[in-house]
Amino acid sequence: MSEIEDKMPETGEAVPMIELIDVRKSFGAKKVLDGVNLRVTKGESLAVMGGSGTGKSVMLKCILGLMKPDSGSILIAGEPMTGATSRDQQRLRAHFGMLFQGGALFDSLPIWRNVTFALTNGRGGHRKEMRDRAAMLLERVGLGSEVLDLRPSSLSGGMQKRAALARAIAHEPDILFFDEPTTGLDPVLAGRINRLIVQLVKEMGATAVTITHDLHSARTIADRVAMLHQGKVIWDGPASSLDNSGNEIVDDFVKGLE
Amino acid sequence: MMLILRMLAGLGRAVIGVFAGAGRLVIFAAQVIRAALLPPYYFGRLLEQMALIGWFSLPVVGLTALFTGAALAQQIYIGGGRFNAESTVPAIVVFGMIRELGPVLVGLMVAGRVASAMAAELGTMRVTEQIDALATLRADPFRWLIAPRLVAGVLMLPLLVMVANAIGIMGGWLLSVNKLGFNSGAYLATTRKFIEHDDFVMALMKAAVFGFFIALLGCYHGYRASGGAAGVGAATTRAVVSSFIMILLSNLIITLAVFG
């Protein structure tokens, strides 16, 4: 069992898997995150929505520890990510699986080494065992073993996304992050990726955070939606309430209005 | 008055920018050296980089050294002829190649080939989020990407310089014997007489320093690239120009420190 699972404080309330408390981040005079507060509980699937430039990706990078917020704190299963030593950040990242927008597969490595990267820590050993593991993982995302030795550039956009998904789940993480999982894909392929994400999150019992501006994707993947606008969470509710949120900005976003 | 203030402010910003940039580079270098010295080590990655920097640079380094050694011999022959000192050709080819031309030419050729490739590769990895992906997969980009390149640069440049010196001296010998009428045995005997241990050590030291700067600046500019394809292009240019400058500057400093 994962060391960060099932932490219960004395009050009996489960510790959120991810908690952001008054997180702020500016680039020069531009406030990108202006006091973000957010909680994601275990097993929940949250979609963070918002227009371009509303700080979704910056928020995600702060959670992953790739970017340091100016103030506020980020807790992963009750443990601080902000201000943690790089060793502690690395330890916390063992619980993360991340699907990047463009896949971010390593061009210099064949697919099987990409997929097993988290298991080998980037080393080339245990070739037979790792190729078998990669083949199994690729099968889970609907890819055949014929892609094992190919370089990422030989794969189509959809196949790259699947391979990147296989890489993200290889070490059975507790928390999965998806950054714009359907961007750049045609509607059929986007639907397939959405269904695949739902299936994997369910099978793994993982907590999921999806950054998206694709409404259909958010409705398919998420239980709950948080709307980010001008660096703040301005609405947070069940995905089923998106159409009657009672929030003007959410309504405009749903209807595609300025 | 306002114009003067604006000019002073611009000058101040430029000076602060230079110092801030130097500070960032020094911190980056310290992080890379730390990553190179402390485990985990990635020997497979190191061997890969040694092959890319050393083995695959051999053709360009060899050809450059051969042509330069031959041209040097020709120039010294003509220049020396004015003072009836044509016989100095072997000695000056040895001095010229080992002390200056070998290390500097290899440094510049490898900088053009390798610093640009490193900046382009790391820059592309940065803008396509592959470096972020490395971090989320718990591989330290400094250990996995940069330290092997730096160590390979420091190890391979001295080897390349040794090869270049040998080929450059051979280029001078080939031209002198075949075109300028030198006696082969006498030329080689003079060459051997003028190869000095200290010069050789200094050449290797210079090469290691150049290798350090080539890999450091190639990786630094690539790692900090931003802004898509244009950003990667700009990073590549900065990597090549800055490594050229650092090679020539450190060459002067080492030469002055040893011979000054």
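In which helix of chain B does B:E121 lie? B:E121 belongs to helix 4 of chain B, residues 89–127. Helices here are DSSP runs of H or I with at least four residues, strands are runs of E with at least two, and both are numbered from the N terminus. The model is predicted: local features need pLDDT of at least 70, side-chain atom pairs count only at pLDDT 80 or more, and totals for chains, interfaces and linings use all residues. Residues are numbered from 1 along each chain as its sequence is written, while chains are lettered from A and ligands numbered from 1 in the order in which they are written.

B:E121 is buried, with 20 other C-beta atoms within 10 Å. A residue counts as buried if 20 or more other C-beta atoms lie within 10 Å of its own, as exposed if 12 or fewer do, and as partly exposed in between, with C-beta atoms placed from the backbone.

Chain B as a whole has nine helices and zero strands, and its pattern along the sequence is α-α-α-α-α-α-α-α-α. Its C-alpha atoms fill a box of roughly 65 × 60 × 30 Å along the principal axes. Of its 260 residues, 45% are buried. Two residues are in contact if their C-beta atoms, placed from the backbone, lie within 7 Å. Of the contacts in chain B between residues at least 6 apart in sequence, 87% join residues at least 24 apart.

Chain A has nine helices and 10 strands. Its radius of gyration is 18 Å, close to the 18 Å given by the globule rule for 258 residues, so chain A is as compact as a globular protein of that length. This radius is taken over C-alpha atoms, and the rule is 2.2 Å times the number of residues to the power 0.38. The C-alpha trace of chain A spans about 55 × 40 × 40 Å along its principal axes, and 43% of the 258 residues count as buried. Among contacts in chain A between residues at least 6 apart in sequence, 64% join residues at least 24 apart.

The average for chain A is 88, and 94% of the residues score at least 70. Over residues 1–12 of chain A, however, the pLDDT is below 50, and this stretch has 11 contacts in the model beyond near neighbours in sequence. Where pLDDT is low, the predicted coordinates should not be read in detail.

In chain A, four strands form an open antiparallel sheet in the order 2-1-4-5. Strand 2 (30–40) and strand 5 (79–80) of chain A are the edge strands, each pairing on one side only. Strands are taken to pair if DSSP finds at least two bridges between them. Strand 1 of chain A and strand 2 of chain A pair in the antiparallel sense over eight bridges, with A:F27 opposite A:K30. These two strands form a hairpin with two residues between them, and A:G28 in the turn has a positive phi of about 65°. Strand 1 (residues 18–27) also pairs with strand 4 (residues 71–76) of chain A, in the antiparallel sense over five bridges. Here A:E19 has A:L75 as its bridge partner, and A:R24 stands opposite A:S71.

Helix 1 of chain A (residues 56–64) is largely enclosed by the rest of the structure, because seven of its nine residues are buried. Among them are A:K56, A:L60 and A:L64. Just after this helix, A:G65 takes a positive phi of about 80°.

Both A:L60 and A:L64 are in contact with A:F177, whose contacts outside four places in sequence also include A:F96, A:M98, A:L99 and A:V209. A:F177 and A:A163 touch the most other members of the largest nonpolar core, which has 150 residues. Such a core is a set of buried Ala, Val, Leu, Ile, Met, Phe, Trp, Tyr and Cys residues joined through C-beta atoms within 7 Å.

The contact between the chains takes 17 residues from chain A and 13 residues from chain B. On the chain A side, helix 2 (86–93), strand 6 (96–99) and helix 4 (117–120) each give two or more residues.

Notes: pLDDT = per-residue confidence, 0-100.
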